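Take a look at the protein shown below. This report walks through some of its residues, one place at a time.

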Amino acid sequence: MAEAGSSTTAMASAPFHHVAAAHHSDLCVFLSANSVQLVDGQANSSFKSYAIPTTVFVPQPTLPDQSDAARYAEQPHISFARLASFSHSDKFLALTGDDKVLRVWKLERSSDGGITGFKFGEEIVIKLLPKRAAILHWMPPSGSTPVGSEELICIDRFGDVRSFIVNENDVRTLPSASIYANDKDADEQDQMDSPDDPSMQILLGHVSMVTSLAFIPSAKDNAPPAFIVTGDRDEHIRISRWGQKHLAYVIDRYLMGSEAFVGALVVVPDSEGKLRLVSSEGGRALRVWTLPQPGAASQTDSSSDDACLSINELSSALAPYVLARDREERKRESKALQVSSKRNKAAKRKQSGDAKAAVEQVESRPLAVHYAKDSKPVIVISNLIPFNDAEGKPQLLIVVEGATAFFHVPVSILLSPLTSDDKVRDISEHIRVTKAPIPILHLILTQRNGTSVITTFDTRPEFRPELPTDSDGIEAGVFTLNASGRYERQANSPFVRALLSATEPSTNESEEVPRAMLDQSIVEHLGLYPALTTWPKIEVPSSAEIIATRSSRKGRFNHPLDTSLIGVAQVDETKPSNASPNPQGDDEQRRKLVKTMQGGKRERGRERNREAIRLAQEQAEAAPQ
């Protein structure tokens with residue numbers, strides 16, 4: 001059920017933050033915080049929309065130890081859908097969000113050409129995921145795929161990769177809470193670590209958040225990919241075996257050297273037909289790597305330095321168009337958690353009969369164009385999409401989080417030979433820019449009837465231009481590639497007009513509107529830039545550095561601010577100071593102390609490992625042969 005506000009509360013519509021397109025039809029799905037809309041192209045060139053209302057906040061369990069299974073069995077709902085993806089046959093639509101529930105619908109055509117099967121409660125697959133999903137990826141059909149089935153790869157935010165085989169005859173329901181109610185020995189954590197459901201087995205795991213995914217094809221036709229390539233937040237690129245048996249635990253090699261998170265990966269062929277990997281390095285550069293070629297023997301002894309062919313810097317072309325700021329978005333997400341906590345408390349008071357309710361005040365936020373002038377942007381390349389222009393030349397679409405534009409560059413520029421021994425070069429002058437009036441939340445590229453890019457915009461007042469424009473209030477856009485290799489925005493696109501506008505919520509709780517307006521405070525606090533807030537690392541001092549700094553102060557709190565405001569005793573300047581008159585000596589002493597503390601921890605850890613190995617060897621020798 002969509003949250004409804006009181007009649008005196010300012011209302012606003014939640015922007016569409018995600019869009020996914022079908023492969024062989026004019027189907028598209030748009031996600032907002034409280035609605036899932038399916039737009040279908042008709043034979044007469046018109047469009048028809050189907051919608052499922054959802055909730056914004058995930059209801060919290062009433063008991064601290066209440067399981068997700070119990071919660072969702074009692075309140076089957078869809079909460080803040082984040083990701084959607086169509087299978088390659090367009091038969092299946094996968095959806096997941098903040099509720100950590102994976103849902104799959106089977107889409108069919110009725111006799112009148114409409115879509116059937118896309119309704120709440122008619123899902124053919126429902127899985128409870130241990131963590132929120134970060135990537136949904138449907139695999140192309142291969143000779144090993146069962147008839148009537150397709151394979152869905154799901155990667156959660158903790159780096160675990162799972163594979164689900166979805167069959168057109170599947171009929172599944174939510175897990176029952178009675179499993180945990182009747183069996184006191186049942187342990188949810190055991191089900192996560194060693195699940196009874198084979199589809200929940202972890203095929204591959206990172207010790208960091210996986211941010212990107214790609215596959216290296218097999219040399220055989222109609223065969224599964226030979227390798228899976230994954231990039232993570234900790235600058236690692238990992239190439240693992242795949243194949244028919246999904247041997248992802250067999251690591252072929254690592255590609256090291258990136259100096260920032262690997263936000264996007266794409267495999268492209270060069271002029272000789274050899275496969276190359278293009279990876280994003282934060283928002284600074286695109287790296288080009290050599291790859292194991294299909295059918296060729298693996299060379300695990302090659303170093304990452306040799307594997308990296310070039311580092312193509314492009315940040316100067318991207319930075320002027322980044323409007324969203326990571327610091328402001330983190331503040332927004334923090335505020336959203338506070339609002340969610342207040343709403344949960346209010347819901348509990350309502351259930352207990354307490355009519356007292358707090359009114360959420362809408363705080364005035366400055367325009368993004370104002371605070372963006374005073375801060376440096378954090379550039380996050382979130383996706384790389386290959387396509388061919390009107391002349392058939394390979395291009396690479398570059399998606400930047402929170403930018404008022406999208407970009408593309410010829411693949412030939414990235415793969416061209418270096419003119420010097422230095423692998424670093426600047427390709428900013430080769431970047432083509434397609435501007436948008438406001439920040440783009442998400443986009444997809446389609447190549448059915450020409451090449452088009454479908455975008456969704458952040459329509460919140462904070463991100464609107466200072467002066468009114470003709471694009472105010474437009475929630476999505478369609479950009480078409482012209483003969484000159486540039487994208488032009490379609491004016492008054494029927495596809496965009498088919499999207500259902502947000503309306504006032506119904507006063508009857510039993511009736512739900514397809515897309516309801518929300519309290520303006522809720523819309524303002526929506527976190528819609530997850531890559532911007534989670535992928536870049538925040539530089540913070542380690543605990544050892546903090547302790548070393550405090551120790552070097554010898555009891556004084558040398559803070560540049562007014563210490564009376566933070567509960568620290570004032571320093572009497574008339575008394576002799578205990579601080580060292582040699583700041584450089586203090587820094588040297590701090591570094592030595594940090595090294596000593598960290599070294600001691602590491603040595604103790606090594607000693608524990610040596611002791612564990614010794615005991616294991618003794619047990620192995622004592623065991624009967």
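Phenylalanine 80 is buried, as its relative accessible area is 4%. Buried means under 20% relative accessible area, exposed means over 50%, and partly exposed is in between (1.4 Å probe, protein chains only). This is a predicted model, in which local features need pLDDT of at least 70, side-chain atom pairs count only at pLDDT 80 or more, and totals for chains, interfaces and linings use all residues. Residues are numbered from 1 along each chain as its sequence is written, and side-chain values use heavy atoms, with hydrogens and water left out.

Where does phenylalanine 80 lie? Its place is the loop between α1 (68-74) and β6 (81-86). Helices (H or I, at least four residues) and strands (E, at least two) are DSSP runs, numbered from the N terminus. Phenylalanine 80 is not a glycine, yet its phi is positive, at about 45°. Most residues other than glycine have a negative phi.

A charge sits over a ring if NZ of Lys or CZ of Arg is within 6 Å of the ring centre and within 35 degrees of the ring normal.

| Charged residue | Ring | Distance to ring centre |
|---|---|---|
| lysine 131 | phenylalanine 158 | 4.6 Å |

## A positive phi in an exposed place

Asparagine 492 is not a glycine either, and has a positive phi of about 55°. It lies in the loop between β32 (487-489) and α9 (494-497). Is asparagine 492 buried or exposed? It counts as exposed, because its relative accessibility is 60%.

## Aromatic rings

How many aromatic pairs does a search of the whole structure find? It finds twelve. Rings of Phe, Tyr and Trp (its six-membered ring) pair if their centres lie within 6.5 Å; planes under 30 degrees apart count as stacked, over 60 as edge-to-face and the rest as tilted. Take phenylalanine 463 and tyrosine 529: their ring centres are 6.0 Å apart and their planes are at 55°, so this pair is tilted. Phenylalanine 463 is in the loop between β30 (452-457) and β31 (476-481), and tyrosine 529 is in the loop between α10 (520-524) and α11 (530-534), so the pair ties together parts 66 residues apart in sequence. Phenylalanine 463 is buried, at 1% relative accessibility. Tyrosine 529 is buried too, at 1%. Elsewhere, Phe16, Phe30, Phe47 and Phe495 form one aromatic cluster.

Valine 322 lies in the loop between α5 (315-318) and α6 (326-351). It counts as buried because its relative accessible area is 4%. Leaving out residues up to four places away in sequence, valine 322 touches several residues, including Pro377, Ile379 and Gly402. Contact means heavy atoms within 4.5 Å. The C-alpha atoms of valine 322 and alanine 405 are 8.1 Å apart, although 83 residues separate them along the chain.

Aspartate 252 is in strand β19 (residues 251-255). It is buried, at 4% relative accessibility.

## The whole protein

The protein has 13 helices and 33 strands. Of its 625 residues, 46% are buried. Among contacts with a separation of 6 or more, 59% are between residues 24 or more positions apart.
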